Each structure stands twice: as C-alpha cells, then as structure tokens.
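Open your viewer and get ready to click around. We'll go stop by stop, selecting a few residues at a time.

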Amino acid sequence: MNHSNGQKNNKNQKGFTLIETLVAIFILLISTTGPLTFAQSGLRASFLARDQIGAFYLAQDVIETIKNLRDNTGLSGASSDWLGGIPLECRPESVGVTKVCNMDTAQSGVFNTIACDFEEGCTTPLYYENASRQFVVASGPSSGLTASKYTRTIYLIELEDNREMQIVVEVKWESNFFSEKRIVVQENIYNWVPALN
C-alpha cells in the first residue's frame, strides 16, 4: 500500500480556518443589519407622518368649524354679530386680547371655556369615540371612549375690531419613538358679510 498518496491527498484538501469563518460571519451581519436599520428608520418616519397627519386634521377641523359658524351667522342674517356662533366667553373682549377655548367639533361646534391664561398653555385631552369614530372632548374616559394620544388648545385673537380674528390651534401628542411632538395651525378669518362690516 502506498501511504504517501493518502497523506498527499489530505494536504491538498483545504477548509475554512477560524479567521475566515469569523470574517464571513462579520460580512453577513453587516449585509443584514444595514437594511434592517433602514427599515427601522422608515417605520419610525411613517409613524411620525401618521401622527402628524392626524394632528393636522384635528387642528384643521377646529378652524373649519369656526369658519362654518361664521358663515352660517352671516348667511342667516339673524345676528348682527359676525361671530354669533361663538359664545361670548370664548371671544376676545378687545383687539389684541387672546382667549383660550375648548371646542368639541363632534357636537356641532360646542364650545367650553378653559380657565387659564394664554401664557400658561392649556391643553384639552381628546378621546376617541368608538361608535361614531370621532375625536371628542370629555371630562374623562368612559364607556365607549378611548383616551387618545392627542391634546388640543385653541387660541382666539381679535386682530381688528369687527373685521378680523386669528385662530391658532396647537395639537400635541406623545410619540412612541420621539419625545412630545406638536404642530401649530393658524388662520385668520374675516368678516365677509357686507351688512356686518
């Protein structure tokens, strides 16, 4: 028997060394963690965008409801006050004064006054009503209501007597990935009814 041929064949067979195996594992880890990191940041951005869109709609809902109240007052001709749909306790007394109010747009624009100063920054928690699928203002969670992540503050500022009012709506929320986030939506409304100008 020729033993030298058997030993020669064993020398020609090559395998992975420990270093080559570790390098291969390192390359595999880098090639999988890179896309996972991008996927995680993409998910984070999509959650933030979802929350921002919800917050914007909650703010815009207040502005559109107030504009609707103003338009209904002007079109009905029943009131000589262009802001007749907004309760007096929620309206600024004079030019430059800021009033902080709470508004439940799900209940046809029902206003509630919040007793606080503009500088303090009052927030009203919003609850999600499961039956109507709307955000509502409530004194606390109850049957059919789920606490939402959003809070909303409405500031009404009279800029020109009987002609122009500024609406500022601030919506805040706690995000899963970020600290507290907020958006501020602002719009000026005008007294467009010629008879009330």
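Here is the tour, from the whole chain down to single pairs.

Keep in mind that this is a predicted model, where local features need pLDDT of at least 70, side-chain atom pairs count only at pLDDT 80 or more, and totals for chains, interfaces and linings use all residues. Residues are numbered from 1 along each chain as its sequence is written, and side-chain values use heavy atoms, with hydrogens and water left out.

**Whole chain.** Switch to cartoon view: you'll find 2 helices and 7 strands (DSSP runs, H or I of at least four residues for helices and E of at least two for strands, numbered from the N terminus). Starting at the N terminus, the order is α-α-β-β-β-β-β-β-β.

**The core.** Now select I66, I86, M165, I167, V169 and V171, the residues with the most contacts inside the largest nonpolar core, which has 27 residues. Such a core is a set of buried Ala, Val, Leu, Ile, Met, Phe, Trp, Tyr and Cys residues joined through side-chain atoms within 4.5 Å.

**Charged pairs.** Next, show E170 and R182, a salt bridge with its closest N and O atoms 2.5 Å apart (a Lys or Arg side-chain nitrogen within 4 Å of an Asp or Glu carboxyl oxygen). E170 sits in strand β6 and R182 in strand β7, so the pair ties together parts 12 residues apart in sequence. Buried or exposed: which is E170? E170 is buried, at 10% relative accessible area, while R182 is exposed, at 52% (buried is under 20%, exposed over 50%, partly exposed in between, with a 1.4 Å probe and protein chains only).

Finally, pick R50, D51 and K149, which salt bridges with shared partners join into one network.
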